[in-house]
Amino acid sequence: MTTRDKDITVNPNVNHSLPLKVYIKSKHPYVCRFTNNKFPIEDWIGSKNFCFHVQLLGCKNVHYDLAFILDTSSSVGKENFEKIRQWVANLVESFDVAPDKTRVAVVRYSDRPTTEFNLGRHRTLEDVKRAARNIRYLGGNTMTGDAISYTTNNIFTERSGARPNAKGIQRVAILLTDGRSQDYVLEPSKAAAKAGIRMFAVGIGEALKEELEEIAAEPKNAHVFHVTDFNAIDKIRGRLRRRLCESKSATRLTANTSLTLHAAWLLFEASL
């Protein structure tokens, strides 16, 4: 992402209410950024004269039945799979995990898919993070289509802890793979969409863009992510979290609003 300073006046005092006065002469989208690490910069989005804090105002108000579908084939390797475990544990921190809020499940797959834990298993964030760090690595082939069908038919069911559609809880799956599937993914992905499952596709290395797009929900550019290697997967965590946390109920922090924050604001233009 490239950035350029805009015509902005910001009160830089910390530990005070910060009157934010922003004067923007552009039609381009903007992102809001902190100058410290208390709130990661990816957590702030905005345009024109307002900003959203998607982690504090979005994810905590958006409740999901959320499933991770993780490629554990031989091409991943044990060392890289440890990075996947930590990535999952870090990502779930964005949510309020509880039986009446966000529920989390994990499916691992290679030759065949297996439930690591279902949506009804863990009731707290700490329990989910602990379980994520202990996901077992399998090795084997890459049967991604089978894993998608398995998740639709065995994870997003009431007997596995999913809530009834009438409850209005959105069903979301995040599939992470590092290569070409050895079976077909299009029809299983269509069936998942028909079942009301919003699919995100995260590709690493040699994962095919065309295949990721067959898996992912519409619009594709909001649901497909790709990085060059396993060392880079943490770089997309903020972008993915921002997509997951988007909520119509998010509160706008408008220009000239007093903000009690332990940080100073900077606002940059983002070349998106």
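Guide: Let us begin with Glu-79, which is exposed, with a relative accessible area of 63%. Exposed means over 50% relative accessible area, buried under 20%, and partly exposed in between (1.4 Å probe, protein chains only). This is a predicted model: local features need pLDDT of at least 70, side-chain atom pairs count only at pLDDT 80 or more, and totals for chains, interfaces and linings use all residues. Residues are numbered from 1 along each chain as its sequence is written, and side-chain values use heavy atoms, with hydrogens and water left out.

Visitor: Where is Glu-79 found?

Guide: Glu-79 is found in helix α2. Helices (H or I, at least four residues) and strands (E, at least two) are DSSP runs, numbered from the N terminus.

Visitor: How many salt bridges does a search of the whole structure find?

Guide: A salt bridge is a side-chain nitrogen of Lys or Arg within 4 Å of a carboxyl oxygen of Asp or Glu. The search of the whole structure finds 11 salt bridges. One of them joins the side chains of Glu-82 and Arg-85, at 2.9 Å from N to O.

Visitor: How are Glu-82 and Arg-85 placed in helix α2?

Guide: An α-helix has 3.6 residues a turn, so residues three or four places apart point the same way. Glu-82 and Arg-85 are three residues apart in helix α2 (residues 78-91), and therefore separated by about one helical turn. Glu-82 is partly exposed at 38% relative accessibility, whereas Arg-85 is buried at 14%.

Visitor: Which salt bridge links distant parts of the chain?

Guide: The side chains of Glu-93 and Lys-129 meet in a salt bridge of 2.5 Å, N to O. Glu-93 lies in the loop between α2 and β8 (103-109), and Lys-129, 36 residues apart from it, in helix α3 (residues 125-132). Glu-93 is partly exposed, with a relative accessible area of 34%, while Lys-129 is buried, at 8%.

A further pair is Glu-116 and Arg-136, with 3.6 Å from N to O. Because Glu-116 lies in strand β9 (residues 113-117) and Arg-136 in the loop between α3 and α4 (144-154), the pair ties together parts that are 20 residues apart in sequence. Glu-116 is buried, at 12%, and Arg-136 is partly exposed, at 47%. Salt bridges that share partners also join Glu-93, Glu-126 and Lys-129 into one network.

Visitor: Which residues are buried in α4?

Guide: Thr-144, Gly-145, Ala-147, Ile-148, Thr-151 and Thr-152 are buried there. Seen down the axis of α4, these buried residues fall within an arc of 165°, so they line one face of the helix. The arc is that of the directions from the helix axis to the C-beta atoms.

Visitor: At what angle do the axes of α4 and α5 cross?

Guide: Axes are lines fitted to C-alpha atoms, for helices over the stretch in contact, and angles run from 0 to 180 degrees between N-to-C directions. The axes of α4 and helix α5 (residues 186-194) come within 8 Å and cross at roughly 20°. That makes α4 roughly parallel to α5; angles under 35 degrees count as roughly parallel, over 145 as roughly antiparallel, 65 to 115 as roughly perpendicular and the rest as oblique. The contact (heavy atoms within 4.5 Å) is made by Gly-145, Ile-148, Ser-149 and Thr-152 of α4 and Pro-188, Ser-189, Ala-191 and Ala-192 of α5.
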